[in-house]
Amino acid sequence: MAVAHATPRGYLERPRPSGLADVIDVILDKGLVVDAYVRVSLIGIEILTIDARIVVASVDTYLRFAEAVGRLDIAQDDQAAGLPDLMESISSGGAESKTKGALEGAKEKLFGDDDDDSDDDDEKESGSRRRSSSRSGSSRSRSGSSSSRGSNGRSSRSRKES
Amino acid sequence: MPPAGSLVYVYGILPAEEAANASETGVDGRAVRTITHDGLAALVSEVHGDALSAAREVRAHWRVLEKASEHATVLPVRFGTVMESDDHVRRELLEHDADHLGGLLRELAGRVQLSLKGDYDEDALLREVVARSPSIATLREQVRDKPGAAGYYDRIQLGEMVAAEVARRHEQDERSALAHLQPLAVRARAEQPSSHAQAFNLAFLVERDGVDDFGRAVAALGDQVAELIRIRYVGPLPPYSFTDVELSAGSAAWV
């Protein structure tokens, strides 16, 4: 993914048209919140939101990783020593994530190509779990607000991990 | 009317007269349509909740809003908002919150969101922290000479001092970026940076015809901080960060 850098002079004058990777955090965390009492809590959607948050948490780590690799000067031992640490923290974070399989698929589709027709693999992978758990709740109830609170907690935790 | 058993996924709210004929495909692969009431329109599609995929649905949600906001002021609704029926959308959202929604639409008309994320060059940041603090530099030398366990507590102390210094830097860099750009924006919001390597995460609400001026200010800021911070400047976006409002149904919707 191309990232607009501050140099050379003037490069930033035009904002980059948004890619999903740039805005996924605002899509998930911002925007009008319809009251829980008039909203339907759709379990399938709640799970999606959690999955997507995990992807968001990884994006900044990936960007940092890409940059660290780009900067890497093999001759300088100091910098090279920092990399295994970074690597370790990323892989341990990944191992803790229960939804790693879904994450891989989601990551590809979120930040990969734009072709919707190739969704099938991704769907198979994450969809099987979805199908069993989706559409359990179509009642308007407090459960909507409590489960969204749950996913918020999850997101701040994954943020700390990254 | 949608068939029985289906629910309604809500993308956003816009003035009814700006609601173009939406032919987009939305979440769950369904066609996007509008529900209108008294000058307000909601962008919606059916949803059944089977076989949803995080990647596909988030992307669909985003596309529908991107498309709609090309020629309209759109209040984006939080991802994953589902209501029971068209009638619920009409009564409990468009009618019930008409004043609130109308007010927001008037306030945001002709304005766009521009986002600015600053990422530290971590090596440069740490070098600067060491260069600016004699006590950190001294302790760093001491820790270097102590092998393994002997320097354990010194290392913790050193790390703590660096963390405090980095936090101070964050605050300072965020404040100066805001001071630089806020005069060109209608409103500004500073979000919590997503990691210690992020210098700032800012959202600005800018008049559509002020985007060029704002961009020049961003470029100037970018040059100013180039040694330490790389800026990602993205937009224009629907005003996600400025519609971060909870609509309260109140008691009326319940009885």
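1. Chain B folds, in its secondary structure, into seven helices and 10 strands, where helices (H or I, at least four residues) and strands (E, at least two) are DSSP runs numbered from the N terminus. This is a predicted model, in which local features need pLDDT of at least 70 and side-chain atom pairs count only at pLDDT 80 or more, while totals for chains, interfaces and linings use all residues. Residues are numbered from 1 along each chain as its sequence is written, and chains are lettered from A and ligands numbered from 1 in the order in which they are written.

2. The term pLDDT stands for the predictor's confidence in each residue, from 0 to 100; chain A averages 54, and 28% of its residues score at least 70. Where pLDDT is low, the predicted coordinates should not be read in detail.

3. Two totals describe chain B as a whole. Of its 255 residues, 44% count as buried, a residue being buried if 20 or more other C-beta atoms lie within 10 Å of its own, exposed if 12 or fewer, and partly exposed in between, with C-beta atoms placed from the backbone. Of the contacts in chain B with a separation of 6 or more, 71% are between residues 24 or more positions apart; two residues are in contact if their C-beta atoms, placed from the backbone, lie within 7 Å.

4. Strand S1 (7-15) of chain B is mostly covered, with eight of its nine residues buried. Two strands pair if DSSP finds at least two bridges between them, and S1(B) runs antiparallel to S3(B), to which eight bridges join it; here B:Leu7 has B:Val47 as its bridge partner. S1(B) is also joined to S5(B) by two bridges, again in the antiparallel sense, with B:Val8 partnered by B:Met83. With S4(B), S1(B) pairs antiparallel over two bridges, and B:Ile13 stands opposite B:Leu75.

5. Strand S2 (residues 33-37) of chain B and strand S3 (residues 40-47) of chain B are antiparallel partners over five bridges, and B:Arg33 stands opposite B:Val44 in S3(B). These two strands form a hairpin with two residues between them, and in the turn B:Asp38 has a positive phi of about 50 degrees.

6. In helix H2 (residues 86-95) of chain B, the buried residues are B:His88, B:Val89, B:Glu92, B:Leu93 and B:Leu94. Seen down the axis of H2(B), these residues fall within an arc of 165 degrees, so they line one face of the helix; the arc is that of the directions from the helix axis to the C-beta atoms. The buried residues of H2(B) pack against S1 of chain A as well as against elements of chain B, including S2, S3 and helix H3 (98-108).

7. Helix H3 of chain B has B:Leu101, B:Leu104, B:Leu105 and B:Leu108 as its buried residues. Because these residues fall within an arc of 100 degrees when seen down the axis of H3(B), they line one face of the helix. On the other side of H3(B), B:Asp99, B:Gly103 and B:Arg106 are exposed. Among the elements that cover the buried residues are S1, S3 and strand S4 (75-76) of chain B, and H3(B) is followed by B:Gly110, whose phi is positive, near 75 degrees.

8. A second sheet deserves a look. Four strands of chain B form an open sheet in the order S7-S8-S6-S9, with antiparallel pairing. Its edge strands, each pairing on one side only, are strand S7 (187-191) and strand S9 (229-237) of chain B. Within this sheet, S6(B) and strand S8 (residues 198-207) of chain B pair antiparallel over nine bridges, and B:Arg111 stands opposite B:Glu207 in S8(B).

9. How do the two chains meet through their H1 helices? The axes of helix H1 (residues 20-29) of chain A and helix H1 (residues 54-68) of chain B come within 11 Å and cross at roughly 90 degrees, axes being lines fitted to C-alpha atoms, for helices over the stretch in contact, with angles from 0 to 180 degrees between N-to-C directions. H1(A) and H1(B) are therefore roughly perpendicular to each other, a label for angles of 65 to 115 degrees, whereas those under 35 count as roughly parallel, those over 145 as roughly antiparallel and the rest as oblique. The contact is made by A:Leu20, A:Val23, A:Ile24 and A:Ile27 of H1(A) and by B:Val58, B:Arg59, B:His61 and B:Trp62 of H1(B).
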